[in-house]
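Morning, everyone. Today I want to walk through one interface. Have a look at the model first.

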Number of protein chains: 2
Amino acid sequence: MDTASRVFGRVPPAPPTLADVAERAGVSRQTVSNAVNNPDLLRADTLLRVQEAIDELGYSPNRAARNLRTRASHLIGLRIQPVQEGTANALMDRFVHSLVDTSREAGYHVLLFSGDPIDPLAGYDDLLRSTAVDAFVVTDTYLGNPQAAWLGARRAPFVAFGRPWDMPAASHPWVDVDGAAGCELATSHLLDKGHERVAWIGWRKDSFIGEDRRAGWSRAMRARGLPTSGLASRVEDTVSSGRGASAVLLDEAQPSAFVCASDTLAMGVLRTLSERGLTPGRDVAVVGFDDSQVAQVVDPGLTSVRQPLEDVAVEVVKALEGLLGHPPVVNPGVLLTPTLAVRGSS
Amino acid sequence: MDTASRVFGRVPPAPPTLADVAERAGVSRQTVSNAVNNPDLLRADTLLRVQEAIDELGYSPNRAARNLRTRASHLIGLRIQPVQEGTANALMDRFVHSLVDTSREAGYHVLLFSGDPIDPLAGYDDLLRSTAVDAFVVTDTYLGNPQAAWLGARRAPFVAFGRPWDMPAASHPWVDVDGAAGCELATSHLLDKGHERVAWIGWRKDSFIGEDRRAGWSRAMRARGLPTSGLASRVEDTVSSGRGASAVLLDEAQPSAFVCASDTLAMGVLRTLSERGLTPGRDVAVVGFDDSQVAQVVDPGLTSVRQPLEDVAVEVVKALEGLLGHPPVVNPGVLLTPTLAVRGSS
DNA sequence: CTGTTGTTCTTGATCGATCCAATGCATCAG
DNA sequence: CTGATGCATTGGATCGATCAAGAACAACAG
C-alpha cells in the first residue's frame, strides 16, 4: 500500500479525459472536443451520444491542457491593495463580489494577487510572463497609475476601474463613477429640501477625485444662484478632520447642511453635531459618500452617495471581453452615475 | 497587415520558452528545467550560464504547460459568500488579504469564485473536475457545512476556516478562532476594571458560534464567583435588537458593562446609552466582537475582540501545504486566541 | 459515370513544460 | 586494465486538450 493509499484510504481515481469519452461514445477525440466547443458541427444524434458519455463519466475538460493549447487561461488578475483599515476596503469588497459574479457569466475567474507595496509592478510582471492570466483589472488608478502606462507598454490587456486623470488621452479602456454627478445629486437633494447654505468638506486639493466631487457640489450651488465662498473646507480623510472642519464651518459660515467627500468625513460632522446638541437630519443635514457600512448603522442613518459597483463590474467585464475578443476591440471610457441612499441624516 | 497588427500596431512577440533558453545557454531543455526547479542538481558554472540566459530572454515558465505536466495549478479556490452588507464582509476582506499574502509566499495564488446561493456546491464541482485549483479554502462552515462533507467525500483537499461544529470528529484540517477565549478575555478585562455586573448580549441559541462566545463570558464570570443569571440576552444580530436588549437589561438587571457577540449588537448598546444620556466607557462599559470598521470610527471608540486573521491565514496555508505535500499530511485542527482592541468604550 | 460541393468525422501534429530512463564522463578500488 | 560508483547532462515520451488538414460519404449537376 503506497503513501497516498495510507492517507486517503484509496487512490483518487484519475479524472476522465477526452479520449475516455471518445472511446465510450465510439467517436474520435476531436469529435468530443467539437461536442464541447462547437456543438453545431455535429450531427444531432452524434452530439447526443457524446453528451451522454460526458455525463456518464462526469467529464470536464482539463483546464491546463486547454490553456496550453489555446494560449488563454480564462483568468483575470485583480491586484488587491495593501491592507488599510478604511472605507476603501468595504468598497472594494462590493466591487470584487460583483466582478466575480459578472466574470463568471462571461466564463472568467478572478485571480487575486497582492502587490509589493514598494514595487507595485512586480506582481503584474510575474503573472503576465508566465501567461497565468489573460488580462488585468486595475483599480488603484488614483495614484497617477504607473501600472496603466506600464501595462500599456507591455501590450498587456487591462481595464481600469478609475479614470486616467493625469493622462486623459490614454488609450486603454476604463470605467469610472461620476463623482461630480454624485455630489451634484446630493447637493440638489439638500437644496430641494429647502437648504440654502450647503457646505462642502472634501479632500486636499491634490486629489483629482476630491476636486471632481467638489465640482459637483459647486455646480449644483451655482445652478441655483447660491454662493459657495466660505462654505468649503479641504482636509485629510479622517473622522477627526471632519469633526474639526465642520466645527469651524458651523462657527464661521452657519451652514444648514453638509456634503462630504467621504463617509469618514461625514462621521466627523455627525460627531460635531452631537457635541453641540444638534440633531442630524432635523437641525443640520449631512450627506456622505460611498454608502459604507458605517453609514447604515450610525444613529439616524447617514444619507450617502452610492457607487453603482455592480454596473461598474458589468462594464469592466464588457470591456475585457472586447479586449480579449477576435479581433480585439478597445472600448472607450465609460462613466457611470451614482445614486443617493437617503437616510435619516437628511 | 493582419487584424492584430492593425489594432496593436505590431504583433506581440511570443514569450520565450524553455527551448529558447536552452539553445541560448547551449544546454538541453531538461537542464534549464532543472536550473529552475532543482538548481542544486547543476554544476555551479552551468547554473550560472543558464540563469544568465533566463535573465537575458526574460523567461518565465509557462504556467499552463507546467500545470498540465505536474497535474497541479498552484491555485487555491476561495468561495466568497453572496453579498450581504454586514460585518462578515469586512472580516472576510481582512482574511482574504492575509490569505493572498500568505499563499503567495508559499507559491500559491487565490482564485475567487462565487457560489450559486441555491446550490453551494456547484462552483466547487466545476473547478474540481476541471482541475483548475489544487485545493479549497472553505469559510462558511457555520451553516453546518455541507461542502465540508461533500469535499471530503470527493477527496478534494481543503482547509476550513471554522470548526466542524456539528461533526467534531471530522477528519479535515481546520483553523478557527477561539470565540470563547475572546469573550472571556473581554469579560475579564471589564472585571479587572472593577465591574461586577457584566451583561451578555448574544445570538439565538441555535448558533454554535454564539453559544461558544457566550460560554467565554459565563466562564469568566464564574471564575470570580459572580452571578450570571438574568444578565444574558439572546437576540437577532441587528443594531436595533442590541438596542432593545440593552434597554431591557439596564432596566431589569442594572449591569455596569456589556459584552456583545458582535459589534453590531454593541452599536445597539451604544445607541441605548446615548438615548439615556449615559456615557460609554464612563457610566457603562461596552465591548463588541470583530473589531470592525464601525468599532473604530464610532464616538469614543468601541473596545472589541479582534480575530487574528493574519495568523489564521498562516495556519490555513500551513495546512494546505501539508495536504498538497508528498506525502500528504492532514494537520489537526488549530484554535487561535483572539486579542482585545481596547478603546474608549471600556 | 465523373466531378463538384458540402457535411461529418478522423488522424497526426502541436502547445511548453516535466518525468523517466539512459548516456557520457570522471574517479577510484581491485 | 576492468568494473563499479556517482555526478552532470541529455533525448524521448508524456500530460490532455485544440488546430489544421484530410478522408469518407452523400447529394446532385453536368
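Contact here means heavy atoms within 4.5 Å. By that rule, 57 residues of chain B are in contact with 56 residues of chain A. Keep in mind that this is a predicted model.

Now the area. Chain B and chain A bury about 5400 Å² between them. Carbon and sulfur atoms carry 58% of that.

On to specific contacts. Two salt bridges cross the interface. One pairs A:Asp299 with B:Arg271, and their closest N and O atoms are 3.4 Å apart.

Which elements give two or more residues to chain B's side? Among them are helix 1 (3–8), helix 5 (63–70), strand 1 (75–80), helix 12 (263–275) and helix 13 (293–297) of chain B. Helix 6 of chain B gives the largest share, nine residues. By type, chain B's side divides into 28 nonpolar, 16 polar and 13 charged residues.

Last, the strands. Strand 2 of chain A, residues 109–114, pairs with strand 2 of chain B. The sense is antiparallel, over three bridges. Look at A:Leu112: its bridge partner in strand 2 of chain B is B:Val110.

Methods: Residues are numbered from 1 along each chain as its sequence is written. Chains are lettered from A and ligands numbered from 1 in the order in which they are written. This is a predicted model: local features need pLDDT of at least 70, side-chain atom pairs count only at pLDDT 80 or more; totals for chains, interfaces and linings use all residues. Side-chain values use heavy atoms; hydrogens and water are left out. Buried area is the accessible area (1.4 Å probe) that two parts lose on being put together, summed over both. A salt bridge is a side-chain nitrogen of Lys or Arg within 4 Å of a carboxyl oxygen of Asp or Glu. Helices (H or I, at least four residues) and strands (E, at least two) are DSSP runs, numbered from the N terminus. Ala, Val, Leu, Ile, Met, Phe, Trp, Tyr, Cys and Pro count as nonpolar, Asp, Glu, Lys and Arg as charged, and the others, Gly among them, as polar. Two strands pair if DSSP finds at least two bridges between them.
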